[in-house]
There are 2 protein chains.
Amino acid sequence: MLVIKIGGSKGVDLDRFLDDVPSVSEPMVLVHGANYEMDQVSEQLGHPPRIVTSSTGQKSRYTDRRTMEVFMMVYCGKANKTIVEMLQSLGVNAVGLSALDGGIARGRRKPQIRVVEDGRPKVLRGDYAGSIESVDTKLVTLLLENGYLPVLTPPAISHEGEAINVDGDKLAMELAVALGADKLVIFSDTPGLMRDVSDESSLISRIDRDEIGQAMEVAQGRAKKKVLAAREALERGIGQVVFADGRVEGAIRKALAGAGTVIG
Amino acid sequence: MLVIKIGGSKGVDLDRFLDDVPSVSEPMVLVHGANYEMDQVSEQLGHPPRIVTSSTGQKSRYTDRRTMEVFMMVYCGKANKTIVEMLQSLGVNAVGLSALDGGIARGRRKPQIRVVEDGRPKVLRGDYAGSIESVDTKLVTLLLENGYLPVLTPPAISHEGEAINVDGDKLAMELAVALGADKLVIFSDTPGLMRDVSDESSLISRIDRDEIGQAMEVAQGRAKKKVLAAREALERGIGQVVFADGRVEGAIRKALAGAGTVIG
């Protein structure tokens with residue numbers, strides 16, 4: 001079992017990326033984002049993105065109700081259905097779902113966030129965001145067993161049944177853990193984890209399970225966060241975590257053949 | 001088995017409409033539109049709706065690629081996921097899908113349409129529209145058998161795997177026929193079929209199967225089209241077709257108890 005996450009960044013050509021999917025022989029779940037498109041459509045609809053910094057320094061999208069509506073439009077509408085359409089035209093029987101459907105990924109909504117804006121602490125209310133606490137694999141398993149390829153995207157669902165904005169990488173990881181996946185491949189617009197983010201040739205091609213501690217010492221910023229997430233995934237039973245380049249021709253094939261940063 | 005269609009017109013309060021769903025005991029499929037919202041968002045995104053009249057006098061939405069993207073956003077994104085969210089918060093395990101997912105409803109794409117604009121015939125190309133030719137019930141049946149409530153919306157899928165804009169009422173009917181439904185209830189912002197469209201008290205409350213011919217003689221415009229569709233549905237094995245008011249409190253309960261126009 002393979003779980004693949006493809007980001008929603010500008011540099012990824014989805015059409016080309018998905019070309020590889022018919023050649024994958026093992027059962028697979030695809031998780032996607034739509035971050036770049038979300039910013040575009042939000043601007044077009046006159047409700048520009050509001051990226052806030054929490055008191056602990058973490059950046060996130062403030063998701064008021066209107067933002068959640070746009071989020072549904074972009075992630076569950078345009079992005080999800082365009083991917084399903086592309087896969088269907090390749091002969092892959094894809095089924096697009098949000099993690100809200102069938103209560104796939106559930107978590108606690110945190111309607112208030114403490115942020116720092118212009119150097120001053122502030123409380124924002126009405127946030128439709130949260131973190132995943134449990135995954136119900138029933139629906140995804142049902143689809144896999146019946147020959148469908150599940151294509152999943154945030155939002156997830158709160159314990160009260162509200163849509164909540166959750167991190168796409170986190171959704172992919174929680175799904176992979178719950179499904180007992182052998183491999184989790186996270187594609188983005190970089191070649192993988194790099195020693196120096198400004199130098200693509202500084203790619204770290206492999207981190208063995210028992211070297212993660214050392215890797216943490218050299219990793220910086222986003223890379224550190226990714227190594228942390230990978231370590232957690234391995235500890236929770238996933239065989240291997242790969243960070244790979246979604247921009248290249250044959251991206252999935254290359255990643256499955258060992259390209260990118262292989263952790264595990 | 002019950003198939004319910006709820007339109008996407010301005011007068012329908014979805015939140016109130018869906019309140020009834022938990023009380024329905026038989027297996028059910030919900031089909032929805034989002035027409036009113038589609039017009040709004042198209043305007044907001046600077047790609048206003050283009051309603052064209054075919055050479056035979058039929059009106060339809062010209063769906064170029066950009067319109068299809070907005071269509072996915074509104075129908076499959078905002079409308080579909082808002083309904084799923086509302087149902088989930090009522091404790092109903094809803095799963096939202098387009099008829100594109102899993103190849104549920106397939107048809108022929110007609111990329112060219114002959115229209116009449118300003119009194120002159122014209123050919124428009126690049127239309128993502130078509131009519132449903134077959135329904136694959138496998139996915140919907142799988143969901144029903146496992147306790148999920150399928151919530152479906154256009155688009156459907158062409159034989160080549162492209163998204164095609166199809167009529168929502170037609171999708172509901174084709175699904176009802178393919179699933180062998182006992183009843184198809186089509187809700188809109190009128191009390192049902194009326195002798196005089198401007199007079200809600202002229203509601204036709206019942207049309208027996210063998211009286212459809214007579215009913216056709218008095219029906220006008222849209223009502224005539226609806227009676228025709230109902231006759232076809234009955235001929236193709238559906239037990240009963242009901243046209244009912246989606247605006248009232250307890251709409252589903254009332255329709256199942258005999259309100260609206262009952263045909264069959």
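Start at B:L175. Setting aside neighbours within four places in sequence, this leucine is in contact with B:V3, B:V29, B:V31, B:V135 and B:L152. The model is predicted, and every contact described here comes from that model.

The largest nonpolar core has 165 residues. Four of them have the most contacts inside this core: A:L175, A:L184, B:L175 and B:L184.

Now turn to where the two chains touch. Chain B brings 33 residues to the contact, and chain A brings 33 residues.

Next, look at a sheet in chain A. Strands of a sheet pair through backbone hydrogen bonds, and the pairing is either parallel or antiparallel. In chain A, four strands form an open sheet in the order β9-β6-β11-β12, with mixed pairing. Which strands lie at the edges? They are β9 (130–135) and β12 (163–164) of chain A, and each pairs on one side only.

Strand β11 of chain A covers residues 156–158. Two bridges join β11(A) to β12(A), and these strands run antiparallel. One residue pair can be picked out here: A:A156 has A:I164, in β12(A), as its bridge partner.

Definitions and conventions:
Residues numbered from 1 in each chain as written. Chains lettered and ligands numbered in written order. Predicted model: local features only at pLDDT ≥ 70, side-chain atom pairs only at ≥ 80, totals over all residues. Contact = placed C-beta atoms within 7 Å. Pairing = 2+ DSSP bridges. Core = buried A, V, L, I, M, F, W, Y, C linked by C-beta atoms within 7 Å. Buried ≥ 20, exposed ≤ 12 C-beta atoms within 10 Å, placed from the backbone.
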